Amino acid sequence: MLAQFLQFLFSGITVGATYALAALGFTLIYNASNVINFAQGEFIMLGGMLAVFFAQAGLPLPAALFLAILVPAVVGVLIEKLAIEPVKGAETVTLIIITIGASLVIRGLVQVFLGKGTHSLPAFSGDTPIEILGATLMPQSLWVLGVTAVVVVALWYFFNRTLGGKAMLATSFNRTAAELVGINTNGVLFLSFAMSAALGAIGGILITPITLTSYDVGIMLGLKGFVAAVLGGLGNGLGAVVGGLLVGILESMGAGYLSSAYKDAIPFVLILFILFFMPRGLFGARVTDRV
Amino acid sequence: MQKRAYFGLYIVIAVLAILPFVLPNSFYVDLAIRMAINAIIVLGLNLLIGFAGQISLGHAGFLGIGAYASAVLPTHFGWHPVVAMLAGAVATGLLAAIVARPIFKLKGNYLAMATLGLGIIINIALRNEATYTGGPDGMPVPVFELFGISLSSDKDWYWVVAAVLVFSVWASLNLIDSPFGRALRALHGSEVASKVVGVDVVRYKVAIFVMSAVFASLMGSVTAHYVGFVTPNLADFFHSIELMTMVVIGGMASVYGSLIGAVLLTALPQALATFEGWETVVFGVILMVCMIFLPKGLVPTLAAKFGKGE
Amino acid sequence: MALLDVTNLSIHFGGVKAVQDVSFSIDAGIVYAVIGPNGAGKTTLFNLITGVYKPTHGEIRLDGESIGGKSPDELARRGVARTFQNLQICMNMSAIENVMVGAHLRLDRNLLKAALRFPSITRRDAELRAEALELMRFVGLDKFADSRADAMPYGALKRLEIARALAMKPRLIFLDEPAAGLNPKETIEVDELVRKVADSGITVVLVEHDMKMVMNLSDRILVLDYGKKLAEGTGEEVRRNPDVIAAYLGGHA
């Protein structure tokens, strides 16, 4: 009983950490630009696929991983420069379609150059499972959780203790005011896309040894990251992390105890319930419209 | 404004009347039918997105319910196709009405999330209930017949779909230039202003959402009977995006834009087939370029350029 | 009995008490002005009475019926109309359609009848168009009858909002700074327009910074400061009130 529960919990937290990283990516871009970046999932895919590609090309693992984070970050910046900056202030629908267009381009290019196959990456520190109260934990899960924790702490430090982070926060609260005090808001936009893409890629790399990867895994991962971000209250960083873990755990529990066929539906059922009863998510701020 | 708008209807009728006599072969007739079916769905969706200013990322889900009602009910339960089609429409309408009230208290990105979630759940259900739906492989759909006349040839389908399209264009034009339609456009223009003149905003959003969902469901049934086969891809996220893209590329809040958007995006995959393997990339690039350079969509941009409003 | 009775009305946004314990009443048929420095809570007061915000405390009665917390469309049904300080014009519609929307509650809003173009709908719409044109003439916008709203100048849009509100055939109309941003000539025109509206029997409540206009038009004046009622009375009484002079009028009265 307990062992089974723990087993579901471990796998839930592990996937949940990836969702959390994706949700943080959504949050960063949303705060800087009010854009929901539907290409976020493709960064996750890109991270995993590129790590496999560079490793197979013979690069030492650290270099391969570094490049697998760097390239998506550059892609994120390109999307921002070429497709988001030119249409600043466009309608939500327009922005959604642009980012979906970007996601198709990324997915299509990967399909053309890296193929449709499913790939894996060796676990970073072996495949010897760790036994805990009858449940097994893969060492890779510890990597996922550890790196996610480090990233979250680093982000917290960045936003609370550095000038760049504070400039990004200021821009998210009031863009015009931020510009007036001399913050380069285009720079903020640029940085937020680079960071979001890198976060997604990190998640994608970490999870690949556990869940495998292919050119089309980005859609579902991205949408679940979006669920996590909305669950936590769009725009709230801590909410994104909690939302991600929650989506992961509930998905894993639902798949284990209720129906594994409906595993992918669980996050969406969850988010509909949340939106019906708590329209601002778990931690979203109440907003009063000014007229 | 009205007279000019209705003039376009005669052009649509003329084009639809002449088309079957100039199309070289059945491949093009088939393409025209699929364009017309999409145009009808997009007209309904444009009322929701373009005129009322709401988002739906889950309309393919409603289309899927209609399509599978027409596939499953006659096959497994022996229902008459007409009854099955209506049952699908009623079920879609009820589902849309039940979820719409809480959904339309939300705005923008939250609304996008809720409609997206709904569409994905429907799609996953269609994939999983393989006993009835055939799972990911889909299932065949019986021939549509009414009063002993069965619709099987492409030409028959063409005339039926063309008639429905003409009616839909006419009804859309009527609707936007009516008290209901003005209220719908007003809540897009300024929600608070429409509230203080007495518009029950949520009720109007729900009404148009349900209407466009029912349209999608009915056309899902038509698609199912016409093609003779359904797969869950009809109801997937990508198809919802495709439908929304037709609205936006043709032109938001433009009746004729809906037609143009549907025609172009239905033809696009055929045109892209020559790019072997690069289709997804090219499709993505086209979406982005259109939205960046023509954010208002083709018809309104061109109309503004040549100085006549629709 | 007064047409509108407000008792101990308050609203708090987090820790900010935007309106605090404000009471006043407005008799039918008068022009009533609300004045006060920027941030005094005038627009918030309008938002409370027209249902855009829900009060934290206090009561609002229209003709004796409690209307506090009712939604804007419920208030519209009871004959309450308003305009906005920062324009709320539907830029996706033509000028005359904006006015026609004002008559929303007096029309048959049925979806099916509209889609099938029932003669009753088109006939009523044709009448309404004539009515709306008449209203545009009344506010002095006849030359914009065929314009798109987004092609009109600012001053005209201010008056278009008044025409839309009048299309509701209201009993009570709230005008939130109808002359803000207008040049002196346009201000005089709006001044005359508000007078005409009042003469047609509609009770007018006005927020305005232009003191000449306020003194010229108003039967009674409410002065707000920091969300609280500072004084209330006729123009003469308010002008002589030492608190008001100290807080607000001192500089330029």
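How much area is buried between chain B and chain A, and what share of it do carbon and sulfur atoms give?

Modeller: Happy to! Keep in mind that this is a predicted model. The area buried between chain B and chain A is about 3800 Å², and carbon and sulfur atoms give 82% of it. On the chain B side, Asn109(B), Tyr110(B) and Met113(B) supply 19% of the area buried against chain A, more than any other three residues. In residue terms, the contact takes 43 residues from chain B and 47 residues from chain A.

The side of chain B that touches chain A draws at least two residues from each of H4, H5, helix H11 (237-250) and helix H13 (279-293) of chain B. Of the elements on this side, H5(B) gives the most, with 13 residues. Sorted by class, the side of chain B facing this contact has 33 nonpolar, 8 polar and 2 charged residues.

Thr115(B) counts as buried because its relative accessibility is 2%, under the 20% cut-off. A polar atom of the Thr115(B) side chain lies 3.0 Å from the backbone oxygen of Leu111(B). Leaving aside residues up to four places away in sequence, Thr115(B) touches Ile55(B), Ser56(B), Leu57(B), Gly58(B) and Phe209(B).

H4(B) deserves a look too. Helix H4 (residues 81-103) of chain B has 23 residues, which should span 33 Å at 1.5 Å a residue, and its end C-alpha atoms are 32 Å apart, which agrees. Its buried residues include Ala84(B), Gly88(B), Thr92(B), Ala96(B) and Ala100(B). An α-helix has 3.6 residues a turn, so residues three or four places apart point the same way. The cover over the buried residues of H4(B) includes helix H11 (266-277) of chain A, along with helix H3 (59-77), helix H5 (108-128), strand E2 (144-146) and helix H10 (201-227) of chain B.

Chain C and chain B bury about 2700 Å² between them, with 63% on carbon and sulfur atoms. Here the rule finds 2 salt bridges, and the side chains of Arg185(B) and Glu97(C) meet in a salt bridge at 2.9 Å, N to O.

Terms used. Residues are numbered from 1 along each chain as its sequence is written. Chains are lettered from A and ligands numbered from 1 in the order in which they are written. This is a predicted model: local features need pLDDT of at least 70, side-chain atom pairs count only at pLDDT 80 or more; totals for chains, interfaces and linings use all residues. Side-chain values use heavy atoms; hydrogens and water are left out. Helices (H or I, at least four residues) and strands (E, at least two) are DSSP runs, numbered from the N terminus. The expected span of a helix is 1.5 Å times one less than its number of residues. Buried means under 20% relative accessible area, exposed over 50%, partly exposed in between (1.4 Å probe, protein chains only). Contact means heavy atoms within 4.5 Å. Buried area is the accessible area (1.4 Å probe) that two parts lose on being put together, summed over both. Ala, Val, Leu, Ile, Met, Phe, Trp, Tyr, Cys and Pro count as nonpolar, Asp, Glu, Lys and Arg as charged, and the others, Gly among them, as polar. A polar contact is a pair of N or O atoms within 3.5 Å; within protein, one must be able to donate a hydrogen and the other to accept it, and residues adjacent in sequence count only if both atoms are side-chain atoms. A salt bridge is a side-chain nitrogen of Lys or Arg within 4 Å of a carboxyl oxygen of Asp or Glu.
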